[in-house]
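Good morning, and thank you for coming. Please look at the structure on the screen while I speak about its salt bridges.

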Amino acid sequence: MRLIQRTAGTGLSSPERDFLAIEGLPVAELRRLLDHAQELLPVAVGDAPSLDRLRGRVVANIFFEDSTRTRVSFEMAARRLGADVVLLGSSGSSASKGETLIDTALNIEAMGVDALVVRTSISGGAALVANAVRCPVINAGDGRHEHPTQALLDVLALRLRLGDVTGRKVAIVGDIANSRVARSTTHALVALGAHVLIVGPPTLVPRGFEQLAEGPGKISIHHDIDAIIREVDAIMMLRIQLERAAGSGIAPDYRSTYGLTSVRRKLLRAGVPILHPGPVNRGVEIDEEVADDPVDSVILAQVSCGVAARMAVLLRALCP
Ligand code: NCD
């Protein structure tokens with residue numbers, strides 16, 4: 001019998017099984033995860049029977065920030081692989097009594113869980129947990145830092161529509177400064193050789209963002225969506241993350257200057273896929289009928305890809 005006895009900071013986690021960021025992930029590993037996720041897609045969406053590769057294993061979801069898609073998707077992914085899942089949210093947990101994220105993670109690990117999936121408002125929080133515990137840690141979004149499984153699902157959804165993303169032009173539009181999705185997905189696309197066009201008001205695009213990522217692809221910054229919209233192969237709209245931009249609101253002209261309105265959407269070339277990580281603020285960054293377009297909106301396909309991407313990441317963590 002092995003009882004866990006140690007203090008934070010002495011964890012012996014295995015970095016090759018953690019999934020904390022796209023930045024620094026070898027491109028071969030990124031491609032392998034994408035291929036594996038694509039292979040797992042029929043199981044993820046229920047077209048093929050669930051697997052039992054994680055039978056007897058327990059995945060703990062520690063979600064200290066609100067989530068709909070990511071939380072349920074990790075749970076679905078674990079269940080489709082036969083694992084048991086436990087969930088801890090910030091409300092109803094001892095986080096409300098001042099317990100730290102690390103103490104929480106150590107206590108959950110001491111109950112014998114096999115992997116921790118962590119969402120936190122602390123940028124870099126997932127790595128802090130990984131340094132403290134021994135089991136694999138998967139980042140489900142840490143502050144403004146990264147959301148690496150979102151990047152996998154975004155690229156997978158793009159691959160299903162465009163094939164290889166190498167050489168493709170992908171616009172990411174909106175609140176770049178507060179978006180971990182923009183960071184992770186940009187890292188992945190640049191690593192795979194795509195051209196990422198970052199579009200947003202100057203106040204919402206961090207200075208130097210064009211130097212964010214290394215790889216064969218590139219990043220360019222734009223403040224006028226209409227100047228680039230005709231040339232893109234895909235477009236991803238982002239929500240304004242008011243919860244991270246204290247004190248500011250959405251400018252009254254945001255929809256007309258940056259939103260993917262029904263009128264502006266006509267400037268896209270035919271068949272260009274429209275992405276959004278959710279949650280969608282209809283009528284702000286994207287118009288209702290654009291978000292619901294039955295052909296070009298891939299917003300729900302992204303969600304399906306999310307289950308497959310998380311299955312691939314859980315298998316990498318627990319069945320290396
Ligand atoms: C994103 C997130 O939480 O970072 N959502 C998601 O995980 N699908 C984006 C957002 O909150 O706007």
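I begin with Asp-233, which is buried at a relative accessible area of 13%; buried means under 20% relative accessible area, exposed over 50%, and partly exposed in between, with a 1.4 Å probe and protein chains only. Its partner in a salt bridge is Arg-168, at 3.6 Å from N to O. By salt bridge I mean a side-chain nitrogen of Lys or Arg within 4 Å of a carboxyl oxygen of Asp or Glu. Arg-168, at 26% relative accessibility, is partly exposed.

A word on the source: this is a predicted model, in which local features need pLDDT of at least 70, side-chain atom pairs count only at pLDDT 80 or more, and totals for chains, interfaces and linings use all residues. Residues are numbered from 1 along each chain as its sequence is written, and side-chain values use heavy atoms, with hydrogens and water left out.

Across the whole structure, a search finds 18 salt bridges. In general, side chains of opposite charge can pair when their charged atoms come close.

A second example joins Arg-255 and Asp-287, whose closest N and O atoms are 2.9 Å apart. Here Arg-255 is partly exposed at 36% relative accessibility, while Asp-287 is buried at 9%.

Through salt bridges that share partners, Arg-161, Arg-265, Asp-293 and Asp-296 form one network.
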